[in-house]
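Let's take a walk through this structure together. Have the sequence and the model open as you read.

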Amino acid sequence: MPPASPESSESNEPTASAEAAGGPAISRKSLLKAALVATAVPLFAGGGVALARDTGASGAPLAPTPDCDDGDEPTHDQIEGPYFKPNSPLRTSLVTSSTPGVPLTVSGYVFGRECRPISGVLLDFWQADTNGAYDMSGYGFRGHQFTDQNGAFTLTTIVPGLYPGRTRHIHVKAQAPGSGILTTQLYFPGEPRNNTDMLYDAALLMNVRAVGSGKEGSFDFVLDVSQNPTDPPTDPTDPPTEPGGTWRAGTSYTAGNRVTYGGVAYRCLQAHTALTGWEPPNVPALWERG
Ligand SMILES: [Fe+2]
């Protein structure tokens with residue numbers, strides 16, 4: 001049976017007052033973000049923040065998520081809480097057709113600090129069931145997945161239930177390949193307890209809208225991953241790319257490097273770390289034939 005005790009009473013998830021004492025101070029930037037979120041509410045039925053894909057549909061240049069518009073503000077972190085369990089199953093759906101609760105999908109992208117999507121990011125989600133209980137004996141409502149080649153993810157689940165001391169939330173850990181772990185929580189707009197939960201952070205609000213009998217949430221993560229194309233290779237022990245080598249994702253290339261891909265020779269035009277999806281024929285800004 002899932003534990004019935006409230007999360008906030010557990011020793012390793014602080015109470016609101018403890019979090020207030022030891023938690024991060026509210027910065028001017030956070031306040032500005034809260035204001036941004038508030039002004040964005042009329043755009044969305046359920047409130048929330050503007051996402052890159054919303055503005056992209058208008059034909060205008062894609063705006064990055066609010067957290068990375070200046071390239072220096074990764075997604076805020078949050079405490080892990082007492083209900084995390086390692087070794088969750090690899091799966092994008094935490095439910096079956098008979099799972100009680102309001103159906104919810106959460107989708108989005110993971111960006112680095114330069115607002116470029118990151119593929120292969122580990123996202124490990126865990127949440128309460130519709131009654132507000134966590135499964136500590138098994139892996140109910142726990143699962144991890146990886147972002148696809150476009151940096152996108154989709155989680156199929158239910159709206160988590162409320163439990164004493166907290167507003168509605170979903171826990172998540174995000175880790176880009178070779179980078180540190182971001183532990184955070186996602187929140188729902190329009191929840192009365194958002195006003196009283198000291199852990200709540202408006203910068204971590206999802207967009208949520210009703211779709212049929214269920215809900216759709218969206219959120220874009222911004223990880224503290226440098227994407228400056230002029231950066232040196234992240235691992236100095238990486239072997240240099242030899243002229244005539246085969247293009248390989250994960251390799252750091254510099255202008256002038258020559259590779260082959262699909263039997264065709266290419267020359268690197270600007271330094272970058274290759275990602276799946278950035279194969280030379282797909283990114284003429286990075287590679288030219290010859
Ligand atoms: Fe929780």
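**Strands and core**

Start at Ser107, which stands opposite Thr154 in strand β4. A quick word on terms: strands (E, at least two residues) are DSSP runs, numbered from the N terminus, and two of them pair if DSSP finds at least two bridges between them. Keep in mind that this is a predicted model, where local features need pLDDT of at least 70, side-chain atom pairs count only at pLDDT 80 or more, and totals for chains, interfaces and linings use all residues. Residues are numbered from 1 along each chain as its sequence is written.

β1 has other partners too. With β8 (residues 214–218) it pairs in the parallel sense over 4 bridges, and there Thr105 has Glu216 as its bridge partner.

Now look inside. A nonpolar core is a set of buried Ala, Val, Leu, Ile, Met, Phe, Trp, Tyr and Cys residues joined through C-beta atoms within 7 Å, and buried means 20 or more other C-beta atoms within 10 Å of a residue's own, with C-beta atoms placed from the backbone. The largest such core has 40 residues, and Val110, Ala174, Met206 and Leu223 touch the most other members. β1 gives the most to this core, with 5 residues. Apart from it lies another core, of 7 residues, including Tyr253 and Trp287.

Key: A residue is buried if 20 or more other C-beta atoms lie within 10 Å of its own, exposed if 12 or fewer, and partly exposed in between; C-beta atoms are placed from the backbone.
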